[in-house]
Amino acid sequence: MQPVNIWDYERLAEEQLDANAHAYYAGGAGDEVTLRDNVAAFERRKLRPRVLVDVEAVSTKTTVLGTEVALPILIAPLAMQRMAHPEGEEATARAAAAAGTIMCLSSAATCAPADLAADGPRWFQVYVWRPRSQTETAIEEAVAAGYSALVLTVDVPYIGRRERDLRVDFKVPEHLTVQGDLFGAGFDATVSWRDLEWLAGYGLPVVVKGLLTAEDAELACEHGAAAVVVSNHGGRQLDGVPATLDVLEEVVDAVDGRAEVLLDGGVRRGGDVLKALALGARAVLIGRAMLWGLAVAGEEGVTDVLRMFQTETELGLALLGCTSPDDVSRAHVR
Ligand SMILES: Cc1cc2nc3c(=O)[nH]c(=O)nc-3n(C[C@H](O)[C@H](O)[C@H](O)COP(=O)(O)O)c2cc1C
């Protein structure tokens, strides 16, 4: 079967992956209420199309932190991509570069920051490990390799309780080397807002990923964040928090133009992207959608997933009565 949408890739990936890897990639925390709600929130919102607008020329191009991207869809940081495909993060990075978008490399990747092809823009996601020198070494490598932003993930002082992993007794396959310390001494749970200044010291824009409230959005701005990502870690951390789409507007209002606002969680369709843009996101990031493509067909799979998003977003813009992401306004969704 030739996949025609992301759901097809999701099914094919489940067939392709072993139970260990599938549990890790697909699972969320607790009862997975938040995991499901991320997707359901997009279904609850409805688009409000405008008609008789000249939409002969439509472009999905936009900018994120000043970088031109061909579509308002970035690659979210996802750990251990070599468990999905032998070429792992390197395949994802090539596909992202070819599609003209930004790849964010995880701190818990199965390749080092310097190993990722520099054909396209790359961001480095930061987990703060104990000891901190381990994190600093990775950041220094990313800075030297030309990464253009540091993305501090703030929703993991401890790893969430993911019951699918417990049921399969999840293990990192022995042939893989994981960067950082995901399953060792682990995360530095003392990290606080003050540490944004430490990160800013590397001279790159700092993106705060994983906040869900106006209060934290305000603090992120006060501490100089260039962008925030409204994210609940794909439902993998605290179960019972809202779907990201449901709190996007609250965060956008609090930020009030001081930083760019991005969103991830549950994005599976071009229409989802439009709803996020209408509620004030500059762009979205895709996690599992990209991963299913990688698992099924490596670089070609990620390329195909990005192509699907591009096609759906472009057609969606036209049918919404918009010629570019910038045209999408609050009035385009209810
Ligand atoms: C298997 C898996 C691994 C992830 N690893 C990381 C990570 O290493 N660092 C991080 O900041 N976020 C990580 N995330 C969260 C993603 O960056 C993103 O927030 C989430 O996948 C978005 O939801 P979606 O999968 O519904 O698109 C991971 C998510 C998944 C599903």
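A pocket, in this presentation, is an open set of grid points with protein on both sides within 12 Å along at least five of seven lines, and the residues that line it have an atom within 4 Å of a point. With that term in place, I turn to the structure, which is a predicted model.

Let me begin with the overall form. The protein chain contains 11 helices and 10 strands. Along its principal axes, the C-alpha trace spans about 60 × 50 × 40 Å. For 334 residues, a compact globule would have a radius of gyration near 20 Å, and the value of 19 Å for the protein chain agrees with this.

I come now to one pair of helices. Two packed helices are described by the angle between their axes and by the distance between the axes. Helix 1, residues 6-16, packs with helix 11, residues 288-320, at an angle of about 175°, and their axes lie 10 Å apart. Angles over 145 degrees count as roughly antiparallel, and helix 1 is therefore roughly antiparallel to helix 11. On the side of helix 1, the contact is made by Ile6, Tyr9, Glu10, Leu12, Ala13 and Gln16. Helix 11 contributes residues including Trp292, Val296, Asp304, Met308 and Phe309. By class, the residues of this contact comprise 11 nonpolar, three polar and two charged.

The largest pocket has a volume of about 370 Å³. Which of its 21 lining residues are the closest to its centre? They are Thr153, Val154, Asp155, Pro157 and Val191. Strand 6, residues 150-153, and strand 7, residues 206-211, each supply at least two residues of this lining. The lining of the largest pocket is made up of 13 nonpolar, five polar and three charged residues.

The second largest pocket holds about 230 Å³ of space. It is lined by 14 residues, and the closest to its centre are Glu10, Ala26, Leu35, Arg164 and Trp292. Of these, Glu10 and Trp292 also take part in the contact of helix 1 with helix 11. Two or more lining residues come from each of helix 1, helix 2 (19-26), helix 3 (33-44) and helix 11. Which element gives the largest share of this lining? That is helix 1, with four residues. By class, the lining of the second largest pocket has five nonpolar, one polar and eight charged residues.

To close, I return to helix 1: helix 1 packs with helix 11, and helix 1 also gives the second largest pocket the largest share of its lining.

Conventions: Residues are numbered from 1 along each chain as its sequence is written. This is a predicted model: local features need pLDDT of at least 70, side-chain atom pairs count only at pLDDT 80 or more; totals for chains, interfaces and linings use all residues. Side-chain values use heavy atoms; hydrogens and water are left out. Axes are lines fitted to C-alpha atoms, for helices over the stretch in contact, and angles run from 0 to 180 degrees between N-to-C directions. Angles under 35 degrees count as roughly parallel, over 145 as roughly antiparallel, 65 to 115 as roughly perpendicular and the rest as oblique. Contact means heavy atoms within 4.5 Å. Ala, Val, Leu, Ile, Met, Phe, Trp, Tyr, Cys and Pro count as nonpolar, Asp, Glu, Lys and Arg as charged, and the others, Gly among them, as polar. On a 1 Å grid over the protein atoms alone, a cavity is a set of points where a 1.4 Å probe fits but cannot get out, and a pocket is an open set with protein on both sides within 12 Å along at least five of seven lines; lining residues have an atom within 4 Å of a point. Grid points are joined across faces, edges and corners, and a volume is the space filled by probe spheres set on the points. The radius of gyration is taken over C-alpha atoms; the globule rule is 2.2 Å times the number of residues to the power 0.38.
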